[in-house]
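Dear colleague,

I am passing on the structure below, together with some notes on its charged side chains. Please read them alongside the coordinates.

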Amino acid sequence: MKKLLIALATSTALVSPALAQDLEKDELTFGFIKLTDMAPLAVAYEQGYFLDEGLFVTLEAQANWKVLLDGVIGGTLDGAHMLAGQPIAATIGYGTKAHIITPFSMDLNGNGITVSNEVWEMMKPNIAETDAGLPQHPISAEALVPVVEKFRSEGKPFNMGMVFPVSTHNYELRYWLAAGGLNPGFYSPENISGQISADVMLSVTPPPQMPATLEAGTISGYCVGEPWNQQAVFKGIGVPVITDYEIWKNNPEKVFGITAEFAEENPNTTKAVVKALIRAAMWLDENDNANRMEAVELLSKPEYVGADPEVIANSMTGTFEYEKGDKREVPDFNVFFRHNATYPYYSDAVWYLTQMRRWGQIAESKPDSWYDEVAKSVYKPEIYLEAARALVDEGLANEADFDWDSDGYKAPTPSEDIIDGIAYDGKAPNAYLDSLPIGLKGDQKVVGNEVQG
């Protein structure tokens with residue numbers, strides 16, 4: 001694990017004494033997982049945006065998401081690149097109890113679902129083709145149903161990997177499977193495997209280990225962030241069948257997480273961190289992604305993602321390769337600033353909560369007001385907007401690039417932007433849950449190995 005520390009001796013001259021004195025804490029350690037969507041942290045470091053704010057930052061790669069979360073809770077990390085579900089789950093006490101907040105959303109989209117070559121060949125007869133003879137996208141999980149049934153008839157479980165129980169990847173994979181008529185399984189307080197009544201058995205695999213686990217045959221597919229879908233293509237061991245942009249257009253992904261205590265004790269430092277991260281996100285998306293190849297070279301360094309630049313560039317520069325040779329334009333596969341990507345919307349938090357309830361991680365039904373209260377306790381747009389205002393005042397950002405007048409909720413996502421054709425309105429979580437064909441609704445709960453109610 002390589003530490004990156006800007007030497008105080010070489011950088012003191014760059015920081016104004018007044019600015020440095022305003023900060024409650026100026027030496028910080030942030031954690032991340034080796035994924036391309038950690039880019040805002042790397043860019044804020046390498047472009048000197050942290051230094052501009054008087055911050056001396058160490059970036060440390062973490063072994064897995066649990067180690068990363070424990071580091072933030074325990075204080076060995078001041079903050080981290082996090083799964084959006086982690087601050088939410090910790091705050092409501094699912095898994096680990098701790099009040100974690102996010103003042104900054106790190107990106108939109110960026111994930112894919114990959115299957116083994118064997119499974120892909122079994123799926124292909126069930127997939128329509130374009131006039132050019134290529135698979136018609138988006139590919140529904142309906143094409144996977146006969147494959148799962150064949151596995152079952154042979155007495156074999158159909159295993160797939162995701163990165164963490166409260167990850168976007170878990171919920172996106174479950175969403176895709178359920179939209180195609182496959183039950184991805186339920187959780188209960190007594191059984192946290194997530195495999196109750198499951199047609200497809202989902203389990204945790206750390207992101208960088210996904211391709212090797214697929215190649216070993218332990219799993220038949222997985223949902224993960226980049227570059228680990230494209231790595232499967234380059235290694236010739238699997239085929240990405242769908243991106244999360246196709247599952248839910250411009251869906252929220254990672255966040256920057258800190259403890260509520262850190263934010264309360266270090267308000268000026270927190271604002272300074274968010275300012276640096278906003279500038280990094282702007283740099284990543286500016287001039288129609290003109291800086292992306294530079295970002296690719298940066299991320300390919302072993303201390304960051306450590307994958308081959310060609311692999312990272314395959315998705316980071318506006319394209320995505322499905323079957324080998326089938327590269328398509330997906331300009332918004334990775335979004336860091338466009339579409340208000342950095343704004344921590346309450347409606348994003350509510351969606352994660354609905355998926356936790358849908359699959360039994362939240363065991364009991366909750367009123368709509370509860371979803372709103374939890375979202376507001378975790379997502380902090382007020383901190384974000386204060387940092388954005390400072391950047392505008394300093395001439396470093398444009399007034400028009402921020403959603404100043406929002407009540408914290410995005411407009412409902414229209415049905416045509418979601419793979420199952422079901423619209424999502426963050427202000428009506430229970431109505432949304434009731435509209436989903438597979439999953440818990442109303443007062444239903446998981447008892448033993450069945451859904452009751």
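Which side chain meets that of Glu46 in a salt bridge? The partner of Glu46 is Lys301, at 3.9 Å from N to O, where a salt bridge is a side-chain nitrogen of Lys or Arg within 4 Å of a carboxyl oxygen of Asp or Glu.

Before going further, please note that this is a predicted model, in which local features need pLDDT of at least 70 and side-chain atom pairs count only at pLDDT 80 or more, while totals for chains, interfaces and linings use all residues. Residues are numbered from 1 along each chain as its sequence is written, and side-chain values use heavy atoms, with hydrogens and water left out.

Glu46 is partly exposed at 33% relative accessibility, and Lys301 is partly exposed at 32%, with buried meaning under 20% relative accessible area, exposed over 50% and partly exposed in between (1.4 Å probe, protein chains only).

Within helix α5 (residues 65-74), Lys66 and Asp70 lie four residues apart, about one turn of the helix, and their closest N and O atoms are 2.8 Å apart in a salt bridge.

Asp326 pairs with Arg328 in a salt bridge at 2.8 Å, N to O, and Asp326 is buried, with a relative accessible area of 5%. Salt bridges with shared partners also join Asp285, Arg292, Asp332 and Arg338 into one network.

Note on methods
Helix = DSSP H or I, 4+ residues; strand = E, 2+ residues; numbered from the N terminus.
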